[in-house]
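My notes are below, in the order I took them.

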Amino acid sequence: MKSENETEQITAQANGQELMTGADALLRCLIQEGVDTVFGYPGGAIMPVYDKLLDYEDQISHYLTRHEQGAAHAAQAYSMVTGKVGVAFATSGPGATNLVTGIANAFLDSVPTVFITAQVVSTLIGTDAFQETDIIGISMPVTKWNCQVKKAEDIPEVIAKAFYIAKTGRKGPVLVDITKDAQQQMIDFKYQKCTYIRSYNPYRPLNIKSIESAAIMINHAERPLILAGHGVLLSGAEKELKAFAEKTGIPVALTLLGLSAFPTDHRLYAGMLGMHGNYGANVLTNQADVIIAVGMRFDDRVTGNLKKYAKNATIIHIEIDEAEFNKNVPVDVAIHNDAKEALNYLTAHVKDNSFEKWIREFRICDKTEYDKVVKPETKPAEGQIRMGEVVRLVSELTKGEAVIVSDVGQNQMVAARYYKFTKPNTWVSSGGMGTMGFGLPAGIGATLGCPDKPVITFLGDGGFQMTMQELGTMMQYNIPLKVVILNNSYLGMVRQWQDMFFDKRYASTALPNPDFVAIAKAYKIEARKIELREDLKDALQKMIETKGPYLLEITVENEANVFPMIEPGSAVSEIRLTY
């Protein structure tokens, strides 16, 4: 005997309608938007969606993470390496709230993601029902847009808007909360992609006047410097950035999330900006006479003391988000446009030039930094293994072509400093939020997004233990992620600050750790631990050559500090090379 829904569907088909449940419609909407990968965790309120997922297994691959935070980070990383919108599912109440850290992470790093949460039946909203939480109110400060759906008929339009908002203008996360009864109601399915929302204007006409003014300033500069950020990668402007730099001869410095937007082996590469960035990129910022900032927001980790930042420079700022102009640093020329479009037009209006004397100053700084910091860190003659030498070897063994993921802390800084990126979108890390625990689930998302590239995630022993349950996800789907734990038995970056600013009072930073290799093997993941330098290269080579998932624990010097460093309150030009 047919169910009531099946009878309705048969009748609807006879009338030329396509009748289906809201849950069914949601999945059809995702397919229309080109979604083929979803991360998530089921629960009571979202059961109708998960039930329908079984009918779309040939079109949507769902990956069951072991925690909703893991799903959020995996979705973000997937987006960062593919350029697609990342998608994650969670149920109501704790399922939804467990996503929030990941949503905030995507928000601060401007990554296009769509989070679908379930909500209790609409008639129970406001009654403190079981697993009812106001996820709309909770997520409002950390989403670009959010919306609650109480009727199945609204699902197609809301999902279309969600994807349009997430991937246009300054990209970012969107959350759609769908009640359980909306998932179960029947609708006549029709889907139309969103291309316009009243009062939302993500596409700006090219600001020709400002660009031409900027071109004049650049053409008369003597010590110009390009500061490129994550916006270059988000707009797909890597080729335009390179063409602009090569035509003008201007050196290029990158923010932490801007890494891989410009090849590190290029003669115009000036290094990484920021607290633990390169010596020349930071010191010479305050000697530049023209700064061209592209797709970056003058974050405090980049600027240091604002009262002492770039006082000799005329500042040209290319940025998609108008709110970033003059927010931290006064701007002389604001170009409110997409980086790709603006750079393309700007390149046509600047003259061919070279600044060999200026670039030589960067090379002098590089030599100083190499002698005092890089060589001792990456090629130590004795003592325990150093984090930097591990990253250097991985860079050499992969020829700078792997996708590198990091957690947050010292492991993040050494990975960013010592891996030589040659391809765009090959660096995944938590920037603005600085989320420990990001690295492992993000590595999973990056691996699924780049199945044809080696993906290696660098973790500290502290961050790994925040989300190490995601080894279960690696096991279940045989995800060939390579996990490197740089184990110094400390919360390393916090300990470094305690060392430098709190008289070596190591409060709650020492970590007695479990047997990480045994834990990996419990998840049926091949693993090894090494402590000796003579074992390092062979161990890394074996890890890289292993076809499936692999965990390599490396015991590193436990009280090493990361330098250079801009101390809090200092100018970028006051960066310290040693302790």
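What follows is my notebook, entry by entry.

**Ground rules.** I am working on a predicted model, where local features need pLDDT of at least 70, side-chain atom pairs count only at pLDDT 80 or more, and totals for chains, interfaces and linings use all residues. Residues are numbered from 1 along each chain as its sequence is written, and side-chain values use heavy atoms, with hydrogens and water left out.

**Cores.** I started with nonpolar cores (sets of buried Ala, Val, Leu, Ile, Met, Phe, Trp, Tyr and Cys residues joined through side-chain atoms within 4.5 Å). For burial I use under 20% relative accessible area as buried, over 50% as exposed and in between as partly exposed, with a 1.4 Å probe and protein chains only. The largest core holds 128 residues, and Ile292, Phe458 and Ile554 have the most contacts inside it. Helix α16 (residues 356-378) gives the most to this core, namely six residues. Another core lies apart from it, with 44 residues, including Ala23, Leu53, Phe89 and Tyr191. My helices (H or I, at least four residues) and strands (E, at least two) are DSSP runs, numbered from the N terminus.

I then listed contacts (heavy atoms within 4.5 Å) for isoleucine 554. Leaving out residues up to four places away in sequence, Ile554 touches Ile385, Val390, Val484, Ile485, Leu486, Asn487, Ile530, Leu536 and Leu540.

**Strand β9.** Which way do the residues of β9 point? Pro224, Ile226 and Ala228 go one way, Leu225 and Leu227 go the other, and all are buried. The general rule I had in mind is that side chains in a regular strand alternate between the two faces of the sheet. For pairing I ask DSSP for at least two bridges between two strands. β9 (residues 224-228) runs parallel to β12 (residues 290-294), with five bridges, and parallel to β10 (residues 252-254), with three bridges. Alanine 228 has valine 294 as its bridge partner in β12 and leucine 254 as its partner in β10.

**Strands β6 and β7.** Five bridges join the parallel strands β6 (residues 145-149) and β7 (residues 173-179). Tryptophan 145 is opposite valine 174 in β7.

**Histidine 73.** Is this residue buried or exposed? Histidine 73 counts as buried because its relative accessibility is 0%. It sits in helix α4 (residues 68-82). Beyond neighbours within four places in sequence, histidine 73 contacts Thr101, Gly102, Asn105, Thr435, Gly437, Phe438, Pro441 and Ala442.

**Alanine 416.** This residue belongs to helix α18 and counts as buried, because its relative accessibility is 5%. Leaving aside neighbours within four places in sequence, alanine 416 is in contact with Leu256, Leu259, Met272, Phe421 and Trp427. I also checked its C-alpha atom against that of leucine 471, 55 residues apart along the chain, and got 24 Å.

**Helix α22.** Seven of the ten residues in α22 (residues 492-501) are buried, so I call this helix mostly covered. The buried ones, among them Met493, Arg495 and Asp499, pack against α18. Just after α22, aspartate 503 takes a positive phi of about 55°.
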